[in-house]
Amino acid sequence: MPAKHPSPIAEDPSSIAGRLSGKRIAVTGSTGFLGTAIVERLLRSVPGCEVVCIVRPSRRFDPLERVRREVVRNDCFDRLRNELGDGFDGMIGDRLSAIAGDVSKDRLGLDAEGMRVLAGCHAVMHSAATVSFESPLDLAVEVNLLGPCRVADAIRESGSNAHLVAVSTAYVAGNRRGEAFEELVTDTWYSPEVDWQAEVAAGRRVLSDAENESRQLERLAKFRRQAHRELGAASTPLLAERGERVREDWVKQRLVDQGKARAQSLGWPDVYAYTKALGERALLQQRGDIPVTFVRPSIIESALHEPHPGWIRGFRMAEPVLIGVGKGLLKSFPGLPEGVLDVIPVDKVVAAIIAVAAMPAPEKPTVYQVASGTRKPLRYRQLVDLVTEWYRNNPLYDADGQPVIVPEWSYPTRGKVQRQLDQAILALTVTERVLHRLPFRGRVGELSGRLEEQRITAERARGYVEIYGAYTESEARFRIDNTVGLYESMSETDRAAFDFDPIDIDWRHYLHDVHLPSIVSQGRVRTKPVQKTVVDRAANTRRNLLAPGNRLVVFDFENTLVKSTVPEAYAWLATRHLGTIDRAKLIARRLPQVPHLFLLDRRDRGDFQRTFYRWWAGASVEQLTHDAQELFATFLLSKSFPEGLRRIRQHKAAGHRTLLITGALDIVVEPLRPLFDDIFASTLTERDGMFTGELSQAPPVGEARALLIKDYAARHGLDLGESVAYADSSSDLPMLEAVGHPVVVNPETRLSAIARRRGWHVERWHREGDPPLLPIAPKVNA
Amino acid sequence: MSRPGFVLDVDRSTPPILFWRDEQLTTERLPVGSRVVYPPEPAMHIENPDAAIKDALASPILGEPLRARLRAGMRLTVAFDDTAYPLLRTKGSDTRRRIIEAVLDMAADCGVDDVELVVARGLRRRMTERELRQAIGERAYDSFAPKGLIKQHDAENGDELVQIATTDNGDAIEINKRVAASDLVVYAGMSLKPSDTGWHRIVTGLCGRVTLGDGSREHVSRLCDAAAEQLKIFQVDTTIDTSIVPPSLSFLSRREREWNPLDKGRFAIARELTNIAPARFNRQLLNNLTVRYCMTNVVAGDVDAVGKTVAARLHDERTTTISGQTDIVTFGVPSFAPFGPGSIANPVLMVAAGLQFLFNLNEGTPVVRQGGVAILHHPARAEFNSVHHPSYIEFFHEVLTETTDIAEMDDFEQRFASDNWFKQLYQTSYAFHGLHPFQMWREITKALRYLGGVIVVGGNTQTVRRLGFKPASTFQDALEMARDITQIREPSLTHLHAPPIFTADVS
């Protein structure tokens, strides 16, 4: 195989490439940032080796296919792809394989074949980890803490004696001030003695505790209330679904908080460093005869040279902060001006890992730290100056096409910044909640959307400050004596091919020419003043909606086609035949019920409507039917949205089947008959020419509407995926979700937020003319 | 004898001249040498209208008195004009009500039991209960309406139409079934201008939609000839005086130079208030204004003879003679335009009021020369009444965005004509027919073809452009533009000081 891809380095058996030639190397976490870089570098710079990726099994793809999609397709491989041209696929086929394995399962959950493959491995590079500083405790424990032990167990089980190169983090040293040496955690005096097994048990208990607590009476009620607050008077299944999501989020947040608290109580900045440190401790205890080397990088950032300058995968740690600065989103960030931010380009880490793997397996566990802080420190002030300078020359642009000015940096304490952000978030949250409670539509509804965006921005900023603040304020200085020693022991060729000495990093060059341009180009931000000419998306959507076809088009009535509601219709009809005094009496009688009705509307649309319909008990069928026609012809039409009425007819003209679903009375919407193929409305039962005040069946609200249209579509052979639904309220969510093309009309605040998140088409329809201000029938006598 | 109409030649000392501007008022200083045509002052009105009506019924112009035509067991129909007029609400008794009450009393006397009332609404909207009560009186309404004996003519309902003849072209002439089947039809109406008189209004008000065709004057005259042979109609036509606004605002129809300090103060207040207040508020105010219109003539008898007499009297009462045409005609368009009572003068109606109604207030010769320019003062807001004018909304948003040429509107016209929604709104709600905007536009087109250009002062630019006109932000700009269009350095200008409605006799 090596003969196929000759390389000058491979010919020297004493070189790194030469020593690893013909060896099989397993890599965990290959779909991650570091893992991808390792796989690429092994394939490119160690032409004689074979790489086995251990990836989580997925239902859709076999492991190799997953690796091809998620690793090989990454632009990390562009260089290799260009170098090999047509030979690339062949090389991948020959040298890259994959087995299914999961670090959160015992012995990685390997099958016999997996074990056989692992048995032939020279080394295992374990880079799988949950690197988020906000991981839930249970996940971090399973992956970061127990992961390395499980890899060791699997190696032992396979009968091999492969060298385990465990990627850890320099921050296992915790919030230490001063020098942190390349020592095993068990040998370091400042590393707290913690019983990792007890921590594992506690972590698992926290999960079950949180699950239990989330199911307690008050908690469940709270989740239900929150779901209700978000969705309004939506249907029960919808509220249940949302409520369950709220509960799951709560449990997760609980685990995140617990993890953070536990980590900080033991002196680590976050759950990542804490579980990594305990993972080292566990591995040292459990490794048996397996040779182990720890590689501890600091903050890994984009590549300095390899595979190409600026290569980075995913939006990582410092990127959101750096982009946030450019966007003007972060006006200050806590940090010590003279402090050192320990950043290391990914290619240096990869080179170190490979160099370590090429060494003879150590008898005693060894540690190599890959960090820049002691050898080529980047001071926080220097970083801020370089970033600010770069943004001044290469500004980002805001939505109006104006360049964002990066402010002068103050170096506030973390507490102060957090306090300011907390206040802003509180103000925004309160305003948003108030808006959600008010019955506003249209512009105000959209305002709440903007507020939500601002709140999310502020919350994100607070998140950065909370999580990354510990790193910018860190005063640990990571010694890299072992690493430098290893580097210096290498030949010139090896040093050139696997350069992991940070001494040659020029921070100005790295930030200005490599890192910032790379993350800005990946950050989906405006880098040009001109606004993109936006294709009129709304017009396109409208055209698509009206494309001829076998479609069902469902309309809601109130606030979708007319700006009116059941109570207004009631008031109009009830006052039609009354004199001034009787009108006043009626209002006096109904007014005290308004608060109750208001609450009822929030709780259950169906019950709300029933209340009004009950008041029609004893009304003459003939009279009310006649009045209802008049109600429609004068009042409702004057409050109608002509664009909506036109839209129905356009759908009809396109050959679509139109359907009206409303809780309004059938006698009221009867005049709409020419516009619809079918109408589902509420029907009052009659006895002796009088209405009884009871409905013949439950009003079609909430999920009943979804069932109804599903049923209807099935009966008429219509494709729901192609169908359109127009509605205005979150109680119509089931109906909107049931069709392929939901359209939201003049949405109330809550639905506006949902529509924005889901990218649904929003129509803003207007009334014409001078509709009456009050829902009171005009007196007929001149 | 009231003062006749008057033509004012504008000189340096002429004060700014009044322009109505939808529901607002404004004044403009006209160039020296322009002329302002004022209507004659209100004619002497009849002191006792009820007695005059009785007299007219007893001594018609041609034929037997009404009483002689009534007999027990006969089928009598009283048809009357709907609300199409550009007027404010009537205070006190409507002339239609006086006539109808007199006729009904007489019919009751003569033992006529089979009586029905028919609103001759053509393609216009149904009248509301409130309007009907106002038009025919509470007494007539309460005794006829509950029995379903007040019908609003429905040009779309084949069951209520019957063919009475064919035109020379062989087209069927369908007319209201009840009217056709009646032994006698009394038609109670009111004429504001000579062209209102005669068969035209009766036929357009009572024929079927298909019969009406494109609604053009030529087509309708053919229908009139056929109808005159078939229908037995006893017409009672009336005229009212030209006091179109309440007495407190009557100075508005007088010459500006004659305004006294109180008038000027009132005008300033009215102008400022209407400018500050929202359009909705102004409209509400105007729609609630009531005016006591005084009857100046009542003539009964054979339709043609009545028509000729009324036209002659209108000419006497409402004509101002001017000599020669000018290059420019200007007028302000008030909100109480035709087809918009109790509603909103939408952009299309605004144009109709200007270029169909006001433009045609003449004895055959327009005050502006061919190729001249019409300058309209109007805010031209794209506002519509969704109950009354749903087809206008779509006409404005769908048709006018494609074309302003009536010749290219055939497809649209057919679609609107066969639109079930418009049809239903026309039949059961209070909407003008889907074809109504097309008829308006056809009428407007005549003026457009005659004119070299139309400029709207102070109108919403987008709306004005969509209508196919030129927007001008000030009156002076409009004059400049008119100079460009006419290619004359000092074009002559006539301003029609209307309302009130009057006829210009250009000699």
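Residues are numbered from 1 along each chain as its sequence is written, and chains are lettered from A in the order in which they are written. In this predicted model, local features need pLDDT of at least 70, side-chain atom pairs count only at pLDDT 80 or more, and totals for chains, interfaces and linings use all residues, while side-chain values use heavy atoms, with hydrogens and water left out.

The number of residue pairs in polar contact between chain A and chain B is 12, both residues being at pLDDT 80 or more. A polar contact is a pair of N or O atoms within 3.5 Å; within protein, one must be able to donate a hydrogen and the other to accept it, and residues adjacent in sequence count only if both atoms are side-chain atoms. Salt bridges across the interface number 5, each defined as a side-chain nitrogen of Lys or Arg within 4 Å of a carboxyl oxygen of Asp or Glu. In one salt bridge, the side chains of B:R283 and A:D770 meet at 2.7 Å, N to O.

B:R283 is also among the residues touched by B:S343, including B:N287 and B:H389. B:S343 is found in the loop between β16 (326-334) and α13 (347-358) of chain B and counts as buried at 6% relative accessibility; buried means under 20% relative accessible area, exposed over 50%, and partly exposed in between (1.4 Å probe, protein chains only). The side chain of B:S343 makes polar contacts of 3.3 Å with the side chains of B:N385 and B:H388.

Over all chains, 84 salt bridges are found. A:E306 pairs with A:R79 at 3.4 Å between the closest N and O atoms. A:E306 lies in the loop between β8 (299-301) and α13 (318-326) of chain A and A:R79 in helix α4 (residues 78-84), so this pair ties together parts that are 227 residues apart in sequence. A:E306 is buried at 18% relative accessibility, whereas A:R79 is partly exposed at 29%. Both residues belong to a network of salt bridges that also links A:E40, A:R41, A:R44 and A:E83.

In chain B, a salt bridge joins B:E116 and B:R178, with the closest N and O atoms 3.7 Å apart. B:E116 is buried at 11% relative accessibility, and B:R178 is buried at 12%.

The largest nonpolar core has 161 residues, of which A:F557, A:W616, A:L672 and B:L355 touch the most other members. Such a core is a set of buried Ala, Val, Leu, Ile, Met, Phe, Trp, Tyr and Cys residues joined through side-chain atoms within 4.5 Å.

How values were computed: Helices (H or I, at least four residues) and strands (E, at least two) are DSSP runs, numbered from the N terminus. Contact means heavy atoms within 4.5 Å. Lists of a residue's contacts leave out its neighbours within four places in sequence.
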